[in-house]
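Subject: The structure, and some notes on it

Hello,

Here is the structure I promised to pass on to you. Have a look at it first, and then read on for my notes.

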Amino acid sequence: MKITRIITHVLEAPIEKSFAFSQAWVDKRVGLVVEIETDSGLIGWGDGYGPPFALATVIDRYYAPRLIGRSPLAGDAIWEELYNALRDHGQRGVPVQALSALDIALWDLRGKALGQPVHVLMGGPIRDSVRAYATGLYRRSNTPVENRALLQAEAEGYLDAGFTAMKTKVGFGFRDDIELVEMLRDIIGREIELFVDANHGCDLVQAKKLALAMEPLDIGWFEEPVEPEDLDGYAELRRTTSIPIAGGECSFTRHDFRRILEARAMDIIQPDTASCGGLTEAKRIADMAWTHGVRYQPHVWGTGIGLAAAMQLLAVLPTTTPAFGSHAPLLEYDSTQHPFRQDLLVEPIRVADGTAHVPQGPGLGVEVRRDVLERWRVN
């Protein structure tokens with residue numbers, strides 16, 4: 001089996017109602033889907049998390065020519081070759097995100113060629129289902145009363161849907177942040193896990209003040225409290241508060257995460273499979289985290305293909321402690337409006353009563369709808 005063609009699909013769709021995190025308002029959803037064709041007729045699908053046109057350019061101009069005529073079964077050899085191709089200019093960021101999309105598609109192809117789901121080829125499964133948390137509760141309005149009403153209804157909707165954990169966004173200023181978190185805790189009660197994410201929207205002074213104020217509210221983790229480059233700030237904040245400190249969606253490859261782990265900067269690392277180096281690198285990072293006793297919670301933000309890749313990884317993630325009461329990794333389930341995330345798949349990955357099941361078909365275990373792909377394609 002040989003690779004004959006690589007196609008990049010840049011997708012874009014407007015959303016009806018914009019929402020905000022600490023850095024910006026979002027008024028559209030975008031994505032990069034990679035399709036790898038082979039002379040056997042098998043097709044592999046990948047998902048890239050990053051600026052889609054930039055990812056497509058790197059793949060089309062620099063990576064794809066190296067893969068035509070190659071066997072998709074080459075695995076680590078292909079990963080190392082592509083990484084080294086731009087190593088002098090891109091040890092992180094867009095080149096690694098582009099590599100991630102291809103790596104996921106190659107794993108999909110390998111699973112299809114061998115008739116096995118990716119998690120079997122990666123040595124699993126340890127688990128065939130995972131508990132999910134709803135990612136949402138973004139700012140919906142700049143009018144405080146309206147925003148609180150909208151977020152209250154949203155949180156109640158997650159409870160009605162059976163979620164046992166959810167995540168909200170902070171980084172809008174101390175008063176806004178603490179009032180939001182207090183309101184949500186009152187609405188959902190103490191039995192439901194609540195996580196907060198600043199999207200590196202605080203400096204260390206702000207992060208310390210907010211963390212100390214949130215401690216009585218039983219927060220599951222404080223995600224990306226400060227800028228991703230500031231590992232010393234992460235480590236100092238971690239020593240300041242009892243709330244677990246999480247981050248890593250803006251970090252890349254085992255090299256970045258080695259520095260994070262050795263600095264004891266985070267309690268929980270959150271590599272994005274479609275950004276950190278693909279399934280190949282995500283598993284390497286997970287094994288490193290295990291040796292350091294640090295939890296691994298994959299960041300997930302993309303199309304249904306990326307969601308399927310995350311599920312395959314979650315099936316094989318090791319637990320930090322082999323015990324009956326050990327922590328099990330969770331699925332981040334993006335619950336914001338997205339016109340093509342789920343529609344892109346013939347059989348979307350769903351959460352029922354707070355649980356999602358790992359796809360069991362060959363490769364990623366999902367099929368792509370070409371009509372949806374063509375409807376939202378902009379390149």
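Predicted model: local features only at pLDDT ≥ 70, side-chain atom pairs only at ≥ 80, totals over all residues.

Leaving aside residues up to four places away in sequence, isoleucine 269 is in contact with Gly247, Phe257, Ile260, Leu261, Ile285, Ala289, Val294, Arg295, Tyr296 and Gln297.

Valine 33 counts as buried because its relative accessibility is 0%, the cut-off for buried being under 20%. Which residues does valine 33 touch, not counting those up to four places away in sequence? The neighbours of valine 33 are Ile7, Thr8, His9, Leu11, Trp45, Gly46, Thr303, Ile305, Leu344 and Leu373. As for distances, the C-alpha atoms of valine 33 and isoleucine 104 are 10 Å apart in space, while the two residues are 71 apart in sequence.

**Helix α6 and its surroundings**

Helix α6 runs over residues 174-188, 15 residues in total. From first C-alpha to last, α6 reaches 21 Å, close to the 21 Å expected at 1.5 Å a residue. Its buried residues are Asp177, Ile178, Leu180, Val181, Met183, Leu184, Arg185 and Ile188. What covers these buried residues of α6? The cover includes the helices α5 (144-160) and α7 (204-214), along with the strands β5 (165-169), β6 (193-197) and β7 (219-223). After α6 comes glycine 189, with a positive phi near 80°.

Asparagine 199 is in the loop between β6 and α7. Is asparagine 199 buried or exposed? With a relative accessible area of 9%, asparagine 199 is buried. Not counting residues up to four places away in sequence, asparagine 199 touches Phe21, Ser22, Gln23, Lys169, Glu223, Glu224 and Glu249.

Leu114, Val120 and Leu121 make a nonpolar surface patch of about 220 Å². Of these, valine 120 belongs to helix α4, residues 118-121. Valine 120 counts as partly exposed because its relative accessibility is 33%.

**Salt bridges**

Side chains of opposite charge can pair when their charged atoms come close. The count here comes to 27 salt bridges, and three of them are described below.

- Glutamate 81 and arginine 66 form a salt bridge, with the closest N and O atoms 3.8 Å apart. Glutamate 81 lies in helix α2 (residues 76-85) and arginine 66 in helix α1 (residues 52-67), so this pair ties together parts 15 residues apart in sequence. Glutamate 81 is partly exposed at 27% relative accessibility, and arginine 66 is partly exposed too, at 38%.
- Arginine 254 and glutamate 281 meet through their side chains in a salt bridge of 2.7 Å, N to O. Arginine 254 is in helix α9 (residues 253-262) and glutamate 281 in helix α10 (residues 278-291), so the pair ties together parts 27 residues apart in sequence. Arginine 254 is partly exposed at 22% relative accessibility, whereas glutamate 281 is buried at 0%.
- Arginine 258 forms a salt bridge with glutamate 262, where the closest N and O atoms are 3.4 Å apart. About one helical turn separates arginine 258 and glutamate 262, because they are four residues apart in helix α9. Arginine 258 is partly exposed, with a relative accessible area of 36%, and glutamate 262 is exposed, with 51%.

On the geometry of that last pair: an α-helix has 3.6 residues a turn, so residues three or four places apart point the same way.

The second pair also belongs to a wider set. Arg254 and Glu281 are linked with Asp76, Glu80 and Arg284 in a network of salt bridges.

Conventions: Residues numbered from 1 in each chain as written. Heavy atoms only, no water. Buried < 20%, exposed > 50% of the residue type's maximum accessible area, 1.4 Å probe, protein only. Contact = heavy atoms within 4.5 Å. Helix = DSSP H or I, 4+ residues; strand = E, 2+ residues; numbered from the N terminus. Expected span 1.5 Å × (residues − 1). Patch = residues over 30% accessible without salt bridge, like charges linked within 9 Å, V, L, I, M, F, W, Y side chains within 5 Å. Areas by Shrake-Rupley, 256 points an atom, 1.4 Å probe, with all protein chains shown as cover. Salt bridge = Lys/Arg side-chain N within 4 Å of Asp/Glu carboxyl O.
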